[in-house]
Every structure is written in C-alpha cells, then in structure tokens.
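Please work through each task before reading its solution.

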Amino acid sequence: MTELQVVIVGAGPAGIRAAETLAVAGLRPTVIDEGARAGGQIYRRPPDGFIRPPTALYGSQAGKAVALHTAFDGLVATGHIVHLPRRSVVALADGTLHTVGDSGSRRIRYDRLILATGATDRLAPLPGWQAPGVYSLGAMQIALKAQGVAMGRRIVLAGSGPLLTLLATQLLKARAEIAAVLDTAGMRGQIAAFADLAVRPSFALQGLAMRARLRRLYHAGVVLEGIEATDTGVTAVHWRDAGGQTRRTACDAVGLGWHLKAETQLADLAGCRFDYDTTWSQWLPSADRMGRAGDGVYLAGDGLRLLGADGAEVAGRLAAAACLSDLGLAAPDATADLKRLDRLERFARGIARAFPWPADQVRALPDDAVLCRCEGITAGSVRETAAYGGAEANRVKSLGRAGMGRCQGRYCQLAAADLIAVSGGLAHAGEVGRLRAQAPVRPTPIRALLEEE
C-alpha cells in the first residue's frame, strides 16, 4: 500500500506547527521550504557561526523563535518529518508539486497539501522608487537578521504598519543611522483603531514603547512626494508633513513598505477561490475557519489571513487538525485555537485600519512615475492602456505588460488596480479583478527544470 503523502509548503510558524501536529498524530509529513533552515521570514535564522544571540535577533519574541526552531529541528532529527530545504515549489497540478533546488528539479506527489506560504512586503510606488538604494522593509530586516548588515549609512524608512516601527528600532539598536521614519498613516486613524489593538495589550504596549524610542525621528500622516536620486543611488526623500510643510531628508538608502501582501500564487494554481477584502485592500483566498480551501488543500498563516506569527502558529495547528479529521484520524480539540483566532483577527483588522493602504498617494502618481519596476511601465502608460482596453486587470496586463515581469505583479498589481479602477470609474480596486497566477510562480532557470534529480 502506498504511504499517505501529506506535504507542507513553508517552514515558518504555520508550517512548523502544522508539521508538529501531524507528526504527533503518527503521520510523517514532508516540509518543503525555500530557506536553508526553518523559521520563516519572521524567525529567520542566520548562518552557522553568526555570533548575535536570539535576544538580539528577535527581541521580546526570542523565546517563541527558539521554541519553534527547537521543535522543528527535533522532528527532523528523529525522522518524524521529511525536510526539503532550499527548494522552491514553482508549479502544481494533478496532485503533483513541481519543485526546483540546488540539485535540479523534482516532482513530489501529494494526497493532502497544506500551503503555509506566508506573505511579502506590500509596496506602493512613488516617483524614484526604482533607483539604486531603495529596498523593501522586509529586505532590510532580512539583511539585518541574516548578516548583521544595515542597508545604508543614512537611512529613511517610509510606509506604514508595525514593521516600519519595528525595523527602525532594530536598526537603531544595531547602531545604524536613521534619518527619518515617515508614516503615511495619520495619528487620528491610529487612535481610532486602538480599541481593537487593545485586545492584545502586550503587543499594543510594545508598539507604543518602540514608537517612544524613535522620538523626533517618527512623523505620522506624511505625504511622500518622491525619492531623489542620481545614477549611482539615492540622495534624498521629498515629503510633506501632517501640517503640509514641504520637507527634504538627505539619505543614501530608503526602505519602503505598507504592511503585508499575502503570497497566494500556489493557492491560485491549486484552484482555491478568492475574495477581495476591502479592509486589507487585496485579494485573499477563501477558506473555512479551519483552513479548508478545496479538495485536499488547506491554507495556514499569512498566505490566508494576515494575522502575524502568533496567528500563523494557531492557523497551522488548525489546518493540520482539519487534515487529520478529513482523513478519519484522531484530531486535537480545536476549540481553544478557534477562540484565540477570533481575538487575533480582531487585532489584525485593527492593524489594517490603523495603517491603511495609501490609495490616495497611488492615484495621485504623476504619469511619468514608474509603476512596474520589472518592465519599466509608467503610471501614465497604465492609465492609457486602461482607457483603451478597458478597466480589467488581466486585459491591462496583456496589452500594456504591467505585472508581466520577474515579480509577476507581486509589487505593482495593487497599485495598478487602483489606477485602473479610477480610469474605469469603479468604486474600488477589487472591481477590476485580480491577476491570474501562472507557473512557474518564481523565476526559474531552464537548466533547473531540465536537470531532474
């Protein structure tokens, strides 16, 4: 009899807890992850020989990070799970995952699939964001965690969301020079959302404490006007403060980010249904409370609900419990996790309201501003294409190439949808539809596809 194959994609908090739950029930899942070591982006582990301790890397969350790392490493060492690191899933169809790694491509069959693919930075374009020296907040944090490197000598961080404040405090602790922290969210909206944020008082207080450490560096309610740069890199950020005063802050590096965007390409290829979430201003997969999203497909973590690391752990356990139940096996009681999920979702939606997507900034982009960095497509070109071809995302992509580059629209499709919606006189970006995922979901060398293990 063929052994039942349960495959988990992603070894962050959601994937780790899902694997643990399945292993305890007697299954031996396979965990595929792009990282060399488990932990995900939030609990990313540095290379061997790195001397900074967990408290320096993860701050107040060091205990959670170490617990997850230890649990996963123990499962691998005892043979209770199969771990395939440094491997990307680039396509899936008919119960088979197509993966690529250092030694070539490999097809992996599955009977049940848990997708714990996490999230990426949500970026909004502004004039000059394609210049050398402009990074996402997540990329800056990865460089700091994995290599102890600050990306720049004098840094401006801009955008909105918890990572903006967290990264600023982490960089300051590492003795980097921060020139300014520019938040497009106004203080009034942040205060209005505090009742929802207060359902997790320790996190809310930690955020306030980090904000206090920034002192005069932090500015709320700003309008970002553009990034000044030469051929060799960034020189300054132009912005207006909450009072309308024009400001210029000299720098040699800029970090941008507006919270998170769910990684949903594999969920799309797996046939999951999607709904547009107006609170998060993005398309998110549809699933039941346990993570069931299709026949034998389960979703967990930020690729389903943007709940952060604690929420990902809960969602991982729930998805595994749903999988076990559907297989007719004994599953752990999910009552406590479901109750916790309600509180985490309220907190997360409070975050979304406190630090919203900057739709007004996007819609005011000048025509010559680059919108799609991969293809060099401007905002004016997207407007012209939408006016000519119609206000539908995939039509604008096929006619004008916005979203057709290496990132496959991960960083430009939300902004493009805003511009298309305005062009078509639509109420919001969800009405223009969403870009369809295509395989391979990541840039893949042809050689890797030809050389099978």
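**Exercise 1. Packing of two helices**

Task: Describe how helix α1 (residues 13-24) packs with helix α10 (residues 308-326).

Solution. Step 1: the two helices pack at an angle of about 35 degrees, and their axes lie 7 Å apart. Axes are lines fitted to C-alpha atoms, for helices over the stretch in contact, and angles run from 0 to 180 degrees between N-to-C directions. Helices (H or I, at least four residues) and strands (E, at least two) are DSSP runs numbered from the N terminus.

Step 1: the contact (heavy atoms within 4.5 Å) is made by P13, A14, R17, A18, T21 and L22 of α1 and by A309, A312, E313, G316, R317, A320, A321 and L324 of α10.

Step 2: by class, this contact has nine nonpolar, two polar and three charged residues. Ala, Val, Leu, Ile, Met, Phe, Trp, Tyr, Cys and Pro count as nonpolar, Asp, Glu, Lys and Arg as charged, and the others, Gly among them, as polar.

The model is predicted: local features need pLDDT of at least 70, side-chain atom pairs count only at pLDDT 80 or more, and totals for chains, interfaces and linings use all residues. Residues are numbered from 1 along each chain as its sequence is written, and side-chain values use heavy atoms, with hydrogens and water left out.

**Exercise 2. The largest nonpolar core**

Task: Which residues have the most contacts inside the largest nonpolar core, and which element gives the most to this core?

Solution. Step 1: a nonpolar core is a set of buried Ala, Val, Leu, Ile, Met, Phe, Trp, Tyr and Cys residues joined through side-chain atoms within 4.5 Å; buried means under 20% relative accessible area (1.4 Å probe, protein chains only).

Step 1: the largest core has 47 residues, and I8, L22, V31, F72, I81 and I114 have the most contacts inside it. α10 gives the most to this core, with 11 residues.

Step 2: leaving aside residues up to four places away in sequence, I81 touches A19, A23, R28, P29, V31, F72, L75 and V76.

Conventions:
Buried means under 20% relative accessible area, exposed over 50%, partly exposed in between (1.4 Å probe, protein chains only).
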